[in-house]
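Here are a few notes to read alongside the model.

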Amino acid sequence: MILAGPEILELIHSGVIKGAAPEYINGSSLDVRIGDEALIENLNRSAIIDLGAKEQLDMERVKIPAAGMMIHPGEFFMVATQEILDLPDDLSCEFKLRSSAGRAALNHALSGWADPGFYGTLTLEFQNVCQYHRLLVRPGMRLGQLVFHRHASAGEYSYRKRGRYNGQVAVTASMGVA
């Protein structure tokens, strides 16, 4: 079952979602804001990343200034949400790009899922898919929204017991695919 606005407000009041702004609650989602730190792919055309060997992309950690950070055409970057999740074992959520961000040619990698039991900030993966335009992103921008799903308890499959990204509170690079 997808949660509606009043149920999302209760998640904020009960501490399941920390740092969320109630004014960003929608009918069945919550707009989330990006933090002030990013990982940006470095230019290294000769690099081959072996996903099976858990190699990481060559990324640079940068502070996003209040005035914003320029994202060039084709550039890939990752940021974390300002909001912190502490999901119980019967609640999961997914990140969806806001349509306004998509219409501005910002693309999301479709990997924004938080399993039941997840604790921390979500790392979001973006790319400027413009061919000619640079995009300016600032801390606090609402680039996407979370949709919450209530379901049976995950039990022994809880991310709290099995998740390798559990507890992240900053933008976090891949720990490998294999």
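Predicted model: local features only at pLDDT ≥ 70, side-chain atom pairs only at ≥ 80, totals over all residues.

1. Residues are numbered from 1 along each chain as its sequence is written, and side-chain values use heavy atoms, with hydrogens and water left out.

2. The largest nonpolar core has 37 residues, and Ile17, Phe77, Leu85, Leu87 and Phe148 touch the most other members. Such a core is a set of buried Ala, Val, Leu, Ile, Met, Phe, Trp, Tyr and Cys residues joined through side-chain atoms within 4.5 Å. A second, separate core of 7 residues includes Met59, Phe76, Met78 and Val171.

3. Do look at Gln168, in the segment after α3 (159-162); helices here are DSSP runs of H or I with at least four residues, strands are runs of E with at least two, and both are numbered from the N terminus. Gln168 counts as buried because its relative accessibility is 11%, where buried means under 20% relative accessible area, exposed over 50% and partly exposed in between (1.4 Å probe, protein chains only).

4. Which rings form a cluster through ring pairs? They are Phe77, Phe95 and Phe126. Rings of Phe, Tyr and Trp (its six-membered ring) pair if their centres lie within 6.5 Å, with planes under 30 degrees apart stacked, over 60 edge-to-face and the rest tilted. The centres of Phe95 and Phe126 are 6.2 Å apart and their planes at 75°, so this pair is edge-to-face. Both Phe95 and Phe126 are buried.
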